[in-house]
Amino acid sequence: MKITTVVLIACLALAGSAFAADGASIFKAKCAMCHGADGSASTGMGKSMGLKPLGSPEVQKMSDADMTALVTNGKGKMPASKGKLTDDEISAVVKYVHTLK
């Protein structure tokens with residue numbers, strides 16, 4: 001392979017990673033209105049619905065699979081994200097929520 005081909009492949013790989021789902025950005029755009037930008041559930045909507053802070057031990061102990069199912073299918077007043085977010089975006093949000101300890 002020529003050097004230019006290797007460089008081109010490397011650039012394309014890096015460009016592809018730039019489009020990977022960013023959990024923090026998705027969370028802020030789709031979830032923060034209720035859960036708060038920091039996941040504290042201190043928004044008016046979060047308080048009125050009695051949401052748990054996402055950093056609480058109860059939320060943090062949820063497995064990725066359980067949290068993915070919750071985000072995908074919704075629960076109670078939380079709307080389902082299925083069809084609104086891709087599987088990769090949901091996975092990124094779940095990973096982000098687990099950083100809110």
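Colleague: Let's start with the two helices that cross, α6 and α7. What hand does their crossing have?
Modeller: The crossing of α6 and α7 is right-handed. Keep in mind that this is a predicted model.

Colleague: How do you describe the way two helices pack?
Modeller: You give the angle between their axes and the distance between the axes. Here, α6 covers residues 64–73 and α7 covers residues 87–97. They pack at an angle of about 120°, and their axes are 10 Å apart.

Colleague: Which residues make the contact?
Modeller: On the α6 side you've got D64, M67, T68, V71 and T72, and on the α7 side I90, V94 and V97. Sorted by type, the residues of this contact are five nonpolar, two polar and one charged.

Colleague: T72 is on that list. Why is T72 called buried?
Modeller: The cut-off for buried is under 20% relative accessible area. T72, which lies in helix α6, has 15%, so T72 counts as buried.

Colleague: What does T72 touch?
Modeller: Leaving aside neighbours within four places in sequence, T72 is in contact with A80, S81, K82 and I90.

Colleague: Now L54. Where does L54 lie?
Modeller: L54 lies in a loop, between α4 (44–49) and α5 (57–60).

Colleague: Which residues does L54 touch?
Modeller: Not counting residues up to four places away in sequence, L54 touches F27, H35, G39, V59, Q60, V97 and L100. V97 also belongs to the α7 side of the helix contact. And then there's K101: L54 and K101 are 47 residues apart in sequence, yet 7.6 Å apart in space, C-alpha to C-alpha.

Colleague: Zooming out, how many helices and strands does the protein chain have?
Modeller: Seven helices and zero strands. Read along the sequence, the pattern is simply α-α-α-α-α-α-α.

Colleague: What percentage of the residues counts as buried?
Modeller: Of the 101 residues of the protein chain, 30%. The chain exposes about 6700 Å², with carbon and sulfur atoms supplying 63% of that.

Colleague: And what percentage of the contacts between residues at least 6 apart joins residues at least 24 apart?
Modeller: That comes to 46% in the protein chain.

Technical notes:
Residues numbered from 1 in each chain as written. Predicted model: local features only at pLDDT ≥ 70, side-chain atom pairs only at ≥ 80, totals over all residues. Heavy atoms only, no water. Helix = DSSP H or I, 4+ residues; strand = E, 2+ residues; numbered from the N terminus. Contact = heavy atoms within 4.5 Å. Buried < 20%, exposed > 50% of the residue type's maximum accessible area, 1.4 Å probe, protein only. Areas by Shrake-Rupley, 256 points an atom, 1.4 Å probe, with all protein chains shown as cover. Axes fitted to C-alpha atoms, helices over the stretch in contact; angles between N-to-C directions. Left-handed = near helix turned anticlockwise from the far one by under 90°. Nonpolar A, V, L, I, M, F, W, Y, C, P; charged D, E, K, R; others polar.
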